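Subject: Structure handover

Hello,

Here is the structure for you to look over. My notes follow below it.

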Amino acid sequence: MNDGGGERASVALRVFGGQLKLFRELASLSREELGRQLGYASHTIKSYELAQRIPDPATVERADDLLGAKGVLRAAIPLLEEAQYPAFFRDLAKLERTCVSRCSYDTLAVPGLLQTARYARAVIESHIPAFDDDEVERLVSGRLDRQVLLTREGRPPVHFIVEQCALERPIGGREIHREQVSRVLERLRLRNVSLQIMPTEIEEHPCLDGAFVLVEMPDPRTLGYVEGHARSQLVSDRKEVGDLLRLYGMIRTQALSTRESIQFIEKLAG
């Protein structure tokens, strides 16, 4: 991967894949047989063994038990979770797993939590410097795995403010864009998910510094995450978080209402 911890993450995936294959063969199981016991197709097991895809922690634990690995496979879980995301995004990904609410302001593309697989792949493939094929697949998988936040137990409230141009931009081509717009509408049917559009024609914009996220944790405390050019920063200082909260409140008042936003997206979907 093209970030600081990328090489370590890549090595961890290859080592895990080799260990999974070794324990499977020691158990005299084919990929098809292991797949049936884990509830996956054989090609999924193959992708795990070739370090092309990252299994979720529950799958790793079940495989460890089924293959009698005695914790060897299970020990890789922290590194596998780390490998799912670019280094600059890992802290936020961890917070999302336990947050009680999340809101974000997104400027350039449809938010990752709402992306289809094809749209996510198009976004990731446009990265400069380019990711290799395995990295693209891992990052797409990690992005899609994050979307469990929208439907997990407790259904935490998730709110998006998205720039109009981000929804209109046909990343990946017209067909992928139409599919993506339909996915946004589908997700907005969830009672815990809401979205407002910041219209392009607005003359006074309170936030021209870029995207950011606010996550409320069970502690309780609220943390901020400010995005930059392939970098990010978690914000925990109470004053700085308070500034972001006030900024988000101001953006919400200037964005279209949720009803108006849905109507806009419906028109965009044709």
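A polar atom of the Asn192 side chain lies 3.0 Å from the backbone oxygen of Leu150. The Asn192 side chain also reaches the backbone oxygen of Pro156, at 3.0 Å. (Polar contacts here are N or O pairs within 3.5 Å; within protein, one atom must be able to donate a hydrogen and the other to accept it, and residues adjacent in sequence count only if both atoms are side-chain atoms.)

This is a predicted model: local features need pLDDT of at least 70, side-chain atom pairs count only at pLDDT 80 or more, and totals for chains, interfaces and linings use all residues. Numbering runs from 1 along each chain as its sequence is written, and side-chain values use heavy atoms, with hydrogens and water left out.

Asn192 sits in the loop between helix H10 (174–187) and strand E3 (193–198). Helices (H or I, at least four residues) and strands (E, at least two) are DSSP runs, numbered from the N terminus. Asn192 is buried, at 11% relative accessibility. Buried means under 20% relative accessible area (1.4 Å probe, protein chains only).

Now the aromatics. The structure holds three aromatic pairs. Rings of Phe, Tyr and Trp (its six-membered ring) pair if their centres lie within 6.5 Å; planes under 30 degrees apart are stacked, over 60 edge-to-face, the rest tilted. Tyr105 and Phe212 have ring centres 6.1 Å apart and planes at 55°, so the pair is tilted. Tyr105 is in strand E1 and Phe212 in strand E4, 107 residues apart. Phe212 and Tyr248 are edge-to-face, with centres 6.0 Å apart and planes at 80°. Tyr105, Phe212 and Tyr248 form one aromatic cluster.

Best wishes

Methods. Buried means under 20% relative accessible area, exposed over 50%, partly exposed in between (1.4 Å probe, protein chains only).
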